[in-house]
Amino acid sequence: MRKVVTAMMPSWTSYPEQAETIEAAERFARSVHECDRTGHDWWHVHRVARMVERLAREEGADAFVCVVAALLHDVADEKLNPSKEEGLRKVGDWLAGRPQMTEDERLHVMDIISTMSYNGGGNPPMRTPEGRVVQDADRLDAIGAIAIARTFVYAGWKGDPLHDPRIPPREKMTAAEYRQDKSTAINHFHEKLLKLKDRINTGSARRIAEERHRYMEAYLAQFGLEWEGEA
């Protein structure tokens, strides 16, 4: 049996000149997400921030911009705010108080956060390498073993059932329908998670996504057999 390794807290020693800003972003994100029960908690943010470091190195992106955007990306999430505009305002106000960052860096972070959401699959492609890296890291956390756990956490929080064969997965939906309409935990795999592999931007992330995608497919196959009493 594999040993489960507990994730170490970030040290950000790779960014000596920018560590203060990154640590401040981490504290801000923790204060927002520490008590989250939707699957968009601090540890989701932690995993995305660590993944962007890996992807940024492999893709030649600006790691500092990527890490700050990753740490702040769900502060603005419209699922966790009265509106997307209010969430973005919260991030913008925080960035405005960071004189160590250049104006270009602040604008870049805001651009990434404001356009990276899945949004029912309707958002345009990310414009910069940094945006593509952060979006990929976030999407990788929605593919694989952890994604399965997060799906059921979110469904429970939202009040959606585990599975109901009478409710078919939605093929097309608006952003509002994606957010608000009733569905099921299992449908969420078909409506979003199984589609993410083909929406990954970078080669580095695509290799990871392929393996995680296969894991989800195997899980769903086993789920179906057990649901029907065949396994």
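The legends below describe close-up views of a predicted model.

**View 1**
The chain holds ten helices and zero strands, and 48% of its 231 residues count as buried. The mean pLDDT of the chain is 89, with 88% of the residues reaching 70 or more. Over residues 1–9, however, the pLDDT is below 50, and this stretch has seven contacts in the model beyond near neighbours in sequence. Where pLDDT is low, the predicted coordinates should not be read in detail.

**View 1. Helix α10 and the elements that cover it.**
Helix α10 takes in residues 203–227, and its end C-alpha atoms are 36 Å apart, which agrees with the 36 Å that its 25 residues should span at 1.5 Å a residue. The buried residues of this helix are Ser 204, Ala 205, Ile 208, Ala 209, His 213, Met 216, Leu 220 and Phe 223. An α-helix has 3.6 residues a turn, so residues three or four places apart point the same way. What covers the buried residues of α10 includes helices α2, α6, α7 and α9. After α10 comes Gly 229, whose phi is positive, near 70°. Among the elements of the chain, α10 has the highest mean pLDDT, at 98, whereas helix α8, residues 175–180, has the lowest, at 64.

Leaving out residues up to four places away in sequence, His 44 touches Gly 39, His 73, Asp 74, Asp 138, Asp 141 and Arg 150. With one of these partners, His 73, the side chain of His 44 forms a polar contact of 3.2 Å.

**View 2. Leu 72 in the largest nonpolar core.**
The largest nonpolar core has 56 residues, of which Val 52, Leu 72 and Val 109 touch the most other members. Helix α3, residues 63–72, gives the largest share of this core, namely nine residues. Setting aside neighbours within four places in sequence, Leu 72 is in contact with Ala 25, Phe 28, Val 91, Trp 94, Leu 95, Val 109 and Ile 113.

**View 3. Asn 187 in helix α9.**
Asn 187 has its place in helix α9, residues 185–191, and this asparagine counts as buried because its relative accessibility is 2%, under the 20% limit. Not counting residues up to four places away in sequence, Asn 187 touches Ile 167, Pro 168 and Pro 169. A polar atom of the Asn 187 side chain lies 2.9 Å from the backbone oxygen of Ile 167.

**View 4. Cys 35 and Cys 66.**
Cys 35 is exposed, with a relative accessible area of 61%, whereas Cys 66 is buried, with a relative accessible area of 0%. The structure holds zero disulfides.

Key
Residues are numbered from 1 along each chain as its sequence is written. This is a predicted model: local features need pLDDT of at least 70, side-chain atom pairs count only at pLDDT 80 or more; totals for chains, interfaces and linings use all residues. Side-chain values use heavy atoms; hydrogens and water are left out. Helices (H or I, at least four residues) and strands (E, at least two) are DSSP runs, numbered from the N terminus. Buried means under 20% relative accessible area, exposed over 50%, partly exposed in between (1.4 Å probe, protein chains only). A polar contact is a pair of N or O atoms within 3.5 Å; within protein, one must be able to donate a hydrogen and the other to accept it, and residues adjacent in sequence count only if both atoms are side-chain atoms. Contact means heavy atoms within 4.5 Å. The expected span of a helix is 1.5 Å times one less than its number of residues. A disulfide is a pair of cysteine sulfur atoms within 2.5 Å. A nonpolar core is a set of buried Ala, Val, Leu, Ile, Met, Phe, Trp, Tyr and Cys residues joined through side-chain atoms within 4.5 Å. pLDDT is the predictor's confidence in each residue, from 0 to 100.
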